[in-house]
Protein chains: 2
Amino acid sequence: MAFSFQLQKKCLHTQARVGTWSTPHGLVETPRFMPVGTLATVKGLTPAQLETTGAQMILANTYHLHLQPGETIIEAAGGLHEFMGWNGPILTDSGGFQVFSLSELRKIREIGVTFRSPRDGRIIELTPERSIHIQNALGADVIMAFDECPPGNADYDTVAAATDRTYRWLERCIKAHQRPHDQALFGIVQGGIYPKLRSDAVSALIPLDLPGYAIGGVSVGEEPALVRDIVKLTTPLLPVSKPRYLMGVGTYKEMVMAIASGIDLFDCVIPTRFGRHGTALVAGERWNLKNAQFREDFTPLDPECPCYTCQTFSRAYLNHLVRSQEMLGYILLSLHNVTELVRFTQRIREAILKDRFTQEFGHWL
Amino acid sequence: MAFSFQLQKKCLHTQARVGTWSTPHGLVETPRFMPVGTLATVKGLTPAQLETTGAQMILANTYHLHLQPGETIIEAAGGLHEFMGWNGPILTDSGGFQVFSLSELRKIREIGVTFRSPRDGRIIELTPERSIHIQNALGADVIMAFDECPPGNADYDTVAAATDRTYRWLERCIKAHQRPHDQALFGIVQGGIYPKLRSDAVSALIPLDLPGYAIGGVSVGEEPALVRDIVKLTTPLLPVSKPRYLMGVGTYKEMVMAIASGIDLFDCVIPTRFGRHGTALVAGERWNLKNAQFREDFTPLDPECPCYTCQTFSRAYLNHLVRSQEMLGYILLSLHNVTELVRFTQRIREAILKDRFTQEFGHWL
């Protein structure tokens with residue numbers, strides 16, 4: 001069996017848990033943050049640098065890769081791992097979220113979604129079958145079901161219809177999936193901010209006995225308190241023996257709250273996006289490295305961080321690079337930020353193993 | 001003695017030579033290409049990546065570093081090596097070339113040059129003493145005399161006056177130099193396109209017995225044939241026992257021609273600038289990686305190149321990154337291009353050692 005998820009430990013006071021997940025391209029120790037490599041590159045980092053961050057699994061985006069360079073080229077290259085030089089586990093999303101959030105002129109029908117390519121203007125149709133076909137060609141270890149993502153403020157009936165459709169699309173995804181032996185297809189729990197729709201969605205998913213489950217539709221434009229409530233309600237309903245992935249979430253606080261509810265996996269573009277804007281994640285805070293306070297600060301960014309940036313350079317040098325708009329500044333901050341979030345989940349993992357999760361991370365809850 | 005230059009081998013047919021140059025921060029095996037790290041960073045590359053290119057010595061720019069972050073901060077950081085995390089040899093230029101080529105509103109007097117800072121508009125005065133003072137604070141292994149750089153098309157009298165002034169400024173540089181024990185001050189041969197001025201300049205420099213000599217004023221807007229003639233005339237006049245540096249030159253052909261005349265060191269921004277524009281230097285050619293011909297080319301950029309880029313990725317992946325304007329594309333191409341030019345000079349070095357320079361590189365002459 002290419003995939004197996006072993007639960008190693010459960011927290012005594014919360015739903016937090018530690019797992020070891022075996023995939024065709026290696027182990028993922030959960031809970032764990034996954035950096036995002038939208039276009040088959042985690043922006044600014046080489047795979048060799050990425051490996052030093054402790055990231056075990058990374059993401060890539062089906063929507064973006066379909067537009068450029070196209071799945072045919074990636075398949076001809078031998079798949080995504082070979083193409084981008086990353087030999088660890090990879091997860092691709094379905095493209096659904098991007099079609100709904102980035103595209104103009106989209107038309108949603110039962111068959112799927114048509115939209116205008118922002119790249120060359122041509123009309124593209126994405127269906128559950130097409131999404132899985134593309135993801136089969138890309139060859140990631142984990143692929144996601146194609147779902148309908150209604151806006152965060154949609155009313156009950158709209159969300160209910162989208163959630164039902166997401167279920168019907170999932171059934172089509174399962175049928176279309178050509179590589180179940182080496183690609184795990186995750187189902188996605190939708191349902192917006194409506195507890196009943198969320199729990200109904202989970203109930204519908206469980207009998208399908210998928211290799212993993214994701215919670216979607218919580219990352220954009222929602223209040224943290226709302227995210228927590230949804231995750232708190234939904235996660236414990238999911239099968240204990242399968243990995244659980246909270247899509248698009250990756251702030252310190254949200255991750256601690258979600259882990260306390262039993263989430264295993266996270267992804268977010270924050271660490272590299274912040275890096276490109278000269279912002280560092282340090283000890284739960286956001287620091288703008290351009291600030292004058294760092295000009296003559298010759299200490300490391302975070303003396304306790306093992307990353308190359310913190311081990312080699314001073315805040316003063318990073319300040320200089322960011323002020324000079326030097327590429328290296330963005331690279332070094334991205335490297336640190338990814339390390340920081342991976343390490344944060346790794347530290348939580350170790351705390352759970354030592355029965356110290358609530359003691360060490362309870363102040364975030 | 002912190003510096004010693006050992007000649008290991010002379011070519012039987014040309015003036016080409018192989019040397020080993022000891023500096024406070026390590027050996028430089030000549031002939032050798034030096035990458036440029038204008039603002040205390042070779043654009044896009046970490047010092048760890050830079051080390052893998054085989055670059056032994058790198059450049060930084062006094063003019064740029066004086067403007068941002070200022071030499072005071074770099075000195076307080078423990079000097080340039082410590083500040084930028086590069087423990088190998090470094091050379092700083094004097095700022096002269098940039099004042100004359102980049103600044104507006106400059107006024108040249110015997111005392112020095114005043115110009116308007118392009119950064120904040122303030123008026124800055126750079127004199128021979130000031131340039132050396134800044135370079136002493138930066139702490140590079142090799143520092144350059146502050147010279148007057150007349151435009152490439154200047155007439156004989158203008159160039160003659162500038163060359164004389166450059167000599168008087170050099171005498172002031174030598175007097176101002178506070179760290180001759182651990183920073184080697186190089187004199188610069190000016191003289192434009194006029195053979196007599198060039199040879200007079202060399203004659204004046206020789207009695208000063210400096211630890212090294214540079215040929216300046218040949219990199220901008222000159223015909224390659226003119227560069228060759230000037231270098232061919234000037235280089236053999238310089239002391240045999242001192243390193244010789246041809247400033248701002250770094251194309252394949254110019255380097256081979258200059259090495260055949262006895263040049264040991266080169267610098268040029270081409271490899272990183274080309275990298276940032278999606279251009280690779282391969283086997284003496286310039287390839288635009290954006291071209292459609294590379295879209296489905298799954299071979300390495302240069303199968304014989306030992307760099308991380310060529311060892312890990314395909315031309316198709318680089319094409320994808322450049323088309324997507326992904327930072328990683330610029331990084332990987334810069335890494336390759338720097339490796340390529342360093343390796344080119346390294347291969348010439350090995351050819352000279354084996355008495356095969358003219359056989360292997362004669363087609364460039």
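This is a predicted model: local features need pLDDT of at least 70, side-chain atom pairs count only at pLDDT 80 or more; totals for chains, interfaces and linings use all residues.

A word on annotations before I use any: UniProt positions are given in the numbering used here, feature names are shortened, and annotations may be inferred rather than shown by experiment. Residues are numbered from 1 along each chain as its sequence is written, chains are lettered from A and ligands numbered from 1 in the order in which they are written, and side-chain values use heavy atoms, with hydrogens and water left out.

So, first site. UniProt, in an unreviewed entry, puts a "binding site" feature at Cys305(A), Cys307(A), Cys310(A) and His336(A). These four are spread over 32 residues of sequence, yet they cluster in space, with a largest C-alpha distance of 8.1 Å.

Where does His336(A) sit? It's in helix H14 of chain A, residues 327–353; helices here are DSSP runs of H or I with at least four residues, strands are runs of E with at least two, and both are numbered from the N terminus. His336(A) is buried, at 0% relative accessible area (buried is under 20%, exposed over 50%, partly exposed in between, with a 1.4 Å probe and protein chains only). Cys307(A) is in the loop between strand S16 (285–288) and helix H12 (308–312) of chain A, and at 4% it counts as buried too.

Contacts, meaning heavy atoms within 4.5 Å: leaving aside neighbours within four places in sequence, Cys307(A) is in contact with His336(A) and Thr339(A). With that exclusion, the partners of His336(A) include Cys305(A), Cys307(A) and Cys310(A), and also Leu281(A) and Asp302(A).

Second site. The unreviewed UniProt entry also has "binding site" covering residues that include Asp93(A), Ser94(A), Gly95(A), Asp147(A) and Gln190(A). Ser94(A) is in the loop between strand S6 (90–92) and helix H5 (96–102) of chain A, and Gly95(A) is in the loop between S6 and H5 as well. Buried or exposed? Ser94(A) is buried at 3% relative accessibility, and Gly95(A) is buried at 0%. Not counting residues up to four places away in sequence, Gly95(A) touches Thr62(A), Tyr63(A), Leu126(A) and Phe146(A); on that count, Ser94(A) has Thr62(A), Leu126(A) and Asp147(A) among its contacts.

Grid points are joined across faces, edges and corners, and the volume is the space filled by probe spheres set on the points; the probe is 1.4 Å. There are 39 lining residues, with Phe97(B), Gln98(B), Gly248(B), Asp267(B) and Val269(B) nearest the centre. H11(B) gives the most, 5 residues.

A 180° rotation with 0.0 Å of shift along its axis superposes chain B on chain A, RMSD 0.0 Å, fitted by least squares on C-alpha atoms of residues with pLDDT of at least 70 in both. The two copies are therefore related as by a two-fold rotation axis. In chain B, the C-alpha nearest that axis belongs to Met327(B), 4.1 Å away.

Methods
On a 1 Å grid over the protein atoms alone, a cavity is a set of points where a 1.4 Å probe fits but cannot get out, and a pocket is an open set with protein on both sides within 12 Å along at least five of seven lines; lining residues have an atom within 4 Å of a point.
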